Number of protein chains: 2
Amino acid sequence: MEFNWLLENKGLLLNGLFGLEKENVRVTPTGKLALTPHPACFGDKTANPFITTDFSESQIEMITPPLPSIPAACDFIETLHDIVTESIGDELLWPQSLPPTLPNSEEIPVAQYENADQELEEYRHHIGRIYGKERQLISGIHFNVSFSEAFFDEAVKQAKGAHTRAEIKELVYLKVMRNWMKHRWLYVWLFGETPIAKRGFQVQSLTTGEAQPMCCGASMSLRTSPLGYRNREAFFFDFSSLATYLSEVDALVEAGKLVATKELYLPIRIKCLPKDKGAPSYLEFRLIDLNPLEKNGISTHALYFVHMLMIYSLLETETAPFDAEAQLCANRRQDYISCFGRRASDSFPADLATQPTVAAEAEALILKMQSLLRPYGIWDNAIYQTEWNHLHTLVQTPEKRAGIAVFDGITAEGYIPFHLNLAKQYKQETLNEGYRFHGLEQLELSTQLLLKAALCRGVNFELLDTAENFVRLYTNSHEEYVVQATKTRLDNYVTILMMENKVVTKQLLHRAGIRVPLGNEYDTYEEALAAFDRYKGKATVIKPKSTNFGIGISILKENNSQADFETALEIALTHDRTVMLEPFIEGKEYRFWVLNDRVEGILHRVPANVTGDGKSAISDLIVRKNEDPLRGVGYRTPLEKIKQGREEALFLKQQGYDFDTVVPLNEIVYLRENSNISTGGDSIDFTDTMHPSYNILAQQAAQAMGAAITGVDMMISDISQPANDHNYAIIEMNFNPAIHIHCYPYKGKNRKLNYKLIEALGF
Amino acid sequence: MEFNWLLENKGLLLNGLFGLEKENVRVTPTGKLALTPHPACFGDKTANPFITTDFSESQIEMITPPLPSIPAACDFIETLHDIVTESIGDELLWPQSLPPTLPNSEEIPVAQYENADQELEEYRHHIGRIYGKERQLISGIHFNVSFSEAFFDEAVKQAKGAHTRAEIKELVYLKVMRNWMKHRWLYVWLFGETPIAKRGFQVQSLTTGEAQPMCCGASMSLRTSPLGYRNREAFFFDFSSLATYLSEVDALVEAGKLVATKELYLPIRIKCLPKDKGAPSYLEFRLIDLNPLEKNGISTHALYFVHMLMIYSLLETETAPFDAEAQLCANRRQDYISCFGRRASDSFPADLATQPTVAAEAEALILKMQSLLRPYGIWDNAIYQTEWNHLHTLVQTPEKRAGIAVFDGITAEGYIPFHLNLAKQYKQETLNEGYRFHGLEQLELSTQLLLKAALCRGVNFELLDTAENFVRLYTNSHEEYVVQATKTRLDNYVTILMMENKVVTKQLLHRAGIRVPLGNEYDTYEEALAAFDRYKGKATVIKPKSTNFGIGISILKENNSQADFETALEIALTHDRTVMLEPFIEGKEYRFWVLNDRVEGILHRVPANVTGDGKSAISDLIVRKNEDPLRGVGYRTPLEKIKQGREEALFLKQQGYDFDTVVPLNEIVYLRENSNISTGGDSIDFTDTMHPSYNILAQQAAQAMGAAITGVDMMISDISQPANDHNYAIIEMNFNPAIHIHCYPYKGKNRKLNYKLIEALGF
């Protein structure tokens, strides 16, 4: 099959779907294999499509869905990595493919399955006996890649009836598989990351069955070496058609050489999804070692190289059959690099070599790649151009390969400390930014958190309208639509309209025996202005009738100035055609987050502030406070950085301060009057310290409105005293109450509202 | 008790609550008593607080709740009158207190009750035997009036502990009752409306039990005369305290002179509601004849007089006790006026007269009223000032009294024809404006219709926020909140958001296998403009991503002008930050109104048009079409009047016409391109003619969105052909679909969606 038509359809080659599967073993804080069970929060291992176990109970496997780009797959796997990290207490994810400190073989726990899935456990015991549990603990990454359906649409068109779509898929993926296997030594040479195992780490010999140390002279990838993760004998196949290949695999199973087809550890697997009815759907690249230098275990460089070599393999003319001899040759090249690839000045054994050094072989291959791919427009894509340049640098300065840095690090710090430090560093990074869904930062934080909880519970999602935060959550048996995390099926429409309408909210709460600031509404500026005398001298709240989020609200504590009153009316009337005047209730405002009649979180917001230490200037205190990873700019984080702007300077000046003032130890200096998080305010959790009588009131308020999900804003004089007829008032009910502020408060515990929501939605 | 303090609290006297109870007998189109059962649509007679029966099964009683003004009570009773009128097929409501053509006594049906309420029926049989069924058929109006609680608040304050609130209520209402009874002859003289009965109408004598004709020399009110609706003997009471009065009534019942206290037919009843714990709550004025000259049976003049006389009665000093002698004297005055009041030049019998003529007596009393009330500020109220002037006119020109006009009308046309013509005229008025809830015209038509359906079914309502059309519907056992008639508890919030989001709507419908115009969305003007080439030459719809009601939508049928394309984009982008481009689907647009998976109405809208008659100018055709009572101005009616404005002139000009053009018979001339009802378009019902395959699609669409209430907008090529893969598309789902257009279409049946909604809400 010819691919000249791709010259005219640039871009078709690069598109496709990309998925990752990654294993990490769990370790204790001292680097020993964790012997605890797989965390219960991930649910049934066979039902969660994102987070499960591999061979060992301690070996977590994370799986992304097929995604439209390599960065999307990397972001998704990092998010899964974060979710797992947050769910394993003080345990860590071991960032190296080769194992940490292990107990005796018999104590290595095999993944446990229940009832109908019992045979999965038996299979693991079986392969544990054949290969040794230590070898099966070796972890890695599988990269699943397909060409786009648009590519095959065009291929079918170009074939003009000569081939069916299924035939074309077979031709394409088998050709890629053959050529990629041939050149795969270069992947190992560039991106092998398992140069040394822990001193004394032994694996069961695949031939004698006896324990043998896993070490080698100048190994680049022990995992993919003959000592690593592979079958007891090398198998050769007829890769000229899917049928011949598959029948040969079946024959091995029948002959008892393999327990099941999945025991065949080829560097590439060809995968067929039901939708393709027997034709190949994608390729699974399995040579990828965990990269300990990356938090998510993989560099995008490695994945782009896999993809580039895949495209090259499609376009490269095959000059000789990929028969058993050629396969053996390819295997020997890989083995040689796996075992000795660290020595860049080395050359292949004479019968394999075509150039004086391996580096020269590498250089020759990537130059061929460049000249073959350029006409197809691959280099018009800035990313691929940059990635090829990076490859070229690595080939020319092989000491820049990540595997070399890993080798150097282990040598300098020791195998366990080197990896343990990285693991701890990654854990801290995760905990600092746990609110983030990598790659979906354009979504609101509340939605990012909801989707993370969904993944943790094995619930799929689909973004229906990203700008609107409109998502679909689904499993095989259930689906839910959610907007902005808290707009759900659980609430009925008229309840939302009640909460949106402050007048109605107050009437209904008042009737339910709950205190509210009873005020008046005015439809015109003139009417409202005429009411000035009635409110004069009384602390008064002036607000638009129906907006959320505190927009357009003024509080006049004295209310003696008609001019201020007029300004406040004007502000309110820009947001609604009706303005409300209410008596101001003394006390502090608390947000009660209520779900299905339970208060799940209570928060108080404090205006932007710093606390004096008796020696630092206010500006330094601000800089220090802003170092908190929860603080950012532009609502991408749960808190905003405190600004040193005009408003802050003015507010300081009113207190007789400026940014250079040094304030005494423990004196709190406020930078703003308003307590909004958006202007640097602090969110402080009070869920455990609130007098329970207020929780009951918040629940009753939710019930009075028939609200499943609501944020009740309550003014309270003293949260240690029980509620009575004059010491509190509910001032607002919010139908779209943010969850992220309760999950990542400035002070206090993560109330995990995202998980509560997922459960309330029936997942 | 003194009321001087009211001089300083002007306004307290006028406020209060006002309620009406009105009976009308149902008659056939020829004026015979209808012998059909009470319409089933009103439900259980004992459970419907608004519409029930009185003595006879054919005698409908309509009851308003207490309302804050006399006009509000009149409007409400008119709405109940309309609801009843619309529910009795071709029967009519008899506008006269005295009966229509009656069958034999034994055929007059007594109101029927079932099971536990059987004793109500037995009571009716009992009083039918005592008073005669003919007398019990005499209908009238009761007017319930109270002073405001603010009045009593101030009275309690002024009493400075000398009286409790309950004592004050007793003092106030008993004084009013005594004085009002004394002066009540003037009410009858001014507003008596039963001057003549049907020739040959006989009532059972209260003394002999024999039938006697009901007629009298110069009667003003036969109903309140000794021949009318009263007890067999005159009872006198001690009205100085509630306790004495009530115990005397109880004694009459014990003595067997009355079957029950409700058999006591005094001109005023004092009523005690549970909330007042034994103290009086309001007075029921019972002297009021139906006014045949008013559709709703009552003129506001009469009610204002009752109220003014009530206030006068409170303030007037009592110079003598209202003992049996005084009561007899008051009765005799009333009886005299009832029997002879039509003769204005007449005088009372010598022992009752204080002036030469009754007219002079009337003049003296209303002048006293004026001088007593003026200092209390009653005359500062323009309405009361005007009403008093009207009274003065009637006193000075007694021939202007409505009762005289009724007498003259009956004399001229005959008793049955006179009243029957009025009944038919009122029925037509009702049918012309059936969409209207009198007094609540500030609500949207859909909400007015919903509230009418609620009343019909005996469901109470409360307006929580009139501007938002936010209402509460309730019975003793159930309540619902509704906004704009169709925003209810029945729909969940996320379904609303799905419908609001056109992109999500289309995705979900498309997945459900329903045809939608698959288009594209653009976030910037530039992106959208760049797509011009893709859409060039193809009929294209350009619209904002999420607005309802067709706002900001342009259809470019040719789409060859980039300038037009730009304009359309600009229009769309003023309504949303995202614009959508879609292929235009050929066909006509139909609105399917779906409730709980059933299509309840289908409508097609046609641009403003007239049909030629071969002789009239277009402007005359417009005037004639605009005479339809369904057409109005400013969205207060189901259709809008066609304008003769610039747009219409321009559109005519494009067709080579102007407003003076005479078009041939049956030629349809369009005045507008757009089909909006708001610019004079026609709404045409297709519920019964649509091919059922489209109904199934509309239902499936509602199901796909999980919508309980939705308006599905579908383009259909030919409604007589079944739906297939290319002849229809759903273009929009509306979460707040208007109901009034389906209830009052230009052509077609009333689909009674307001009643369907009330039922769906569980009432």
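Between chain B and chain A, about 2500 Å² of area is buried, and carbon and sulfur atoms give 60% of it. Buried area here is the accessible area (1.4 Å probe) that two parts lose on being put together, summed over both. This is a predicted model, in which local features need pLDDT of at least 70 and side-chain atom pairs count only at pLDDT 80 or more, while totals for chains, interfaces and linings use all residues. Residues are numbered from 1 along each chain as its sequence is written, chains are lettered from A in the order in which they are written, and side-chain values use heavy atoms, without hydrogens and water.

The counts for the contact (heavy atoms within 4.5 Å) are as follows.

| Item | Value |
|---|---|
| Residues from chain B | 29 residues |
| Residues from chain A | 29 residues |
| Salt bridges | 7 salt bridges |
| Polar contacts | 10 residue pairs |

A salt bridge is a side-chain nitrogen of Lys or Arg within 4 Å of a carboxyl oxygen of Asp or Glu. One such pair is B:Asp465 with A:Lys545, whose closest N and O atoms are 2.4 Å apart. A polar contact is a pair of N or O atoms within 3.5 Å; within protein, one must be able to donate a hydrogen and the other to accept it, and residues adjacent in sequence count only if both atoms are side-chain atoms.
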